[in-house]
Amino acid sequence: MDTPELAEVFTIASLKQASATATCQGMVRAQLESIQTKPTKSGNPFLELKLADGQDHFTLRIWGDAPQFAIAQPLKPQTFIAVTGEWTLGTYGLEPRNWSLRALTTEEKDTLLQGPPALREKQAVDYAHILDLIASIHDPRLRGLAELFIADFGDRFLRTAAARDYHHARRGGLVEHVSMMMRSAAALCSVYTEANRDLLLTGVLFHDVGKLWENSYPADGFNMPFSEHGEMLGHITLGIELVNKLWRKLLDASPLEEWMAFIPTNEDVRLHLLHLIASHHGEYAFGSPVLPKTPEAILLHHVDNIDAKMEMFTKAYATSAFLAKNIQEKMRPLPANVVTPLAKFPRYEGDASATEAEAEGMDES
């Protein structure tokens, strides 16, 4: 294949955005998820390459009479490649013209696996928020359980998606989802002071932990595999099993005599945490074996749903086609077409209507 060339480097998502309105010249780096030879309507062969990076994916079709056909045909899944050319967003998605492809260098591959810089920075900040909130948990059993999880499974957590499709469906997406949920849960506990903050924060951390075996990416790729455990048990059951294993490990290594005197009891703490995991989908129809039966369980269910829906709106605004001014096409599972949100009223120095909290929020943003 060709040697490295100088070209503007796009992520798949940024390339889709840039080519939506005009032809753009540049390179996209990705991993080959799969490659298939298929027939056209006239029976001529073409190649269908499914390519992915840390945020998105697309399908590249190479027709049998193209010079790249012979170059691409021997490629194997999991290969890392760069495709450079003039890109448009056409009938079949991203379509290159005057293009070439080559293997990535080792350095390029390592950089790609780390994710786009902006996403990598965001996930690092999100992970730091999770660690800070874990440190703020007062109950030594729940804090110890959370710290044990990070120590044993932190690396896998960092490369797990929150879903396969609808929300945070990317490498590291679960960290983003959990971080936003933990911050929302902490804020709600300052309003609903009767809620057990320690339990709710720990429940948020563990609510989707079974996805480490259902939606986890390998250390060296972007192709999310399926697993028998994930398929046959699902993430709720796997999460309950993991918490029980970590709980036993924690008790074996902890000052058990001191903890036996704690109120609430060890068993009550474990049982309530397991209930949060079991009930977080909120309904039997959505896969929860039980319904939420405590304040913390109902808060967790709704915080989970809110963050998932907000991410869906973000995705819809970025990718859905416009039907009219300010109206974009519905994206499942949102219930309707999405409308451009109302812009925030601009604040200015000396605005007496701005509260101290709003001013602090402006400073942070």
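Helices (H or I, at least four residues) and strands (E, at least two) are DSSP runs, numbered from the N terminus. This is a predicted model, in which local features need pLDDT of at least 70 and side-chain atom pairs count only at pLDDT 80 or more, while totals for chains, interfaces and linings use all residues. Residues are numbered from 1 along each chain as its sequence is written, and side-chain values use heavy atoms, with hydrogens and water left out.

**Loops and backbone**

- Asn326 lies in the loop between strand 7 (322-324) and strand 8. Its phi is near 70°, a positive value in a residue other than glycine.
- Asn326 is partly exposed, with a relative accessible area of 35%; buried means under 20% relative accessible area, exposed over 50%, and partly exposed in between (1.4 Å probe, protein chains only).
- Gln78, in the loop between helix 2 (68-72) and strand 5 (80-90), has a positive phi of about 85° although it is not a glycine. Gln78 is partly exposed, at a relative accessible area of 37%.
- The peptide bond from Ile263 to Pro264 is cis, with omega near 0°; Pro264 belongs to the loop between helix 9 (256-260) and helix 10.
- A second residue pair, Arg332 and Pro333, is joined by a cis peptide bond with omega of about 5°. Pro333 is found in the loop between strand 8 (327-328) and strand 9 (338-339).

**Helix 4**

- Helix 4 (residues 117-135) has 19 residues and reaches 27 Å from its first C-alpha to its last, close to the 27 Å expected at 1.5 Å a residue; the expected span is 1.5 Å times one less than the number of residues.
- Among its buried residues are Leu119, Tyr127 and Ile130. Seen down the axis, the buried residues of helix 4 fall within an arc of 125°, so they line one face of the helix; the arc is that of the directions from the helix axis to the C-beta atoms.
- On the other side of helix 4, the exposed residues include Pro117, Glu121 and Asp132.

**Helix 7**

- Helix 7 is mostly covered, with nine of its ten residues buried. These include Asp198, Gly203 and Phe206.
- The buried residues of helix 7 pack against helix 4, helix 5, helix 6, helix 8 (228-252), helix 10 and helix 11, where contact means heavy atoms within 4.5 Å.
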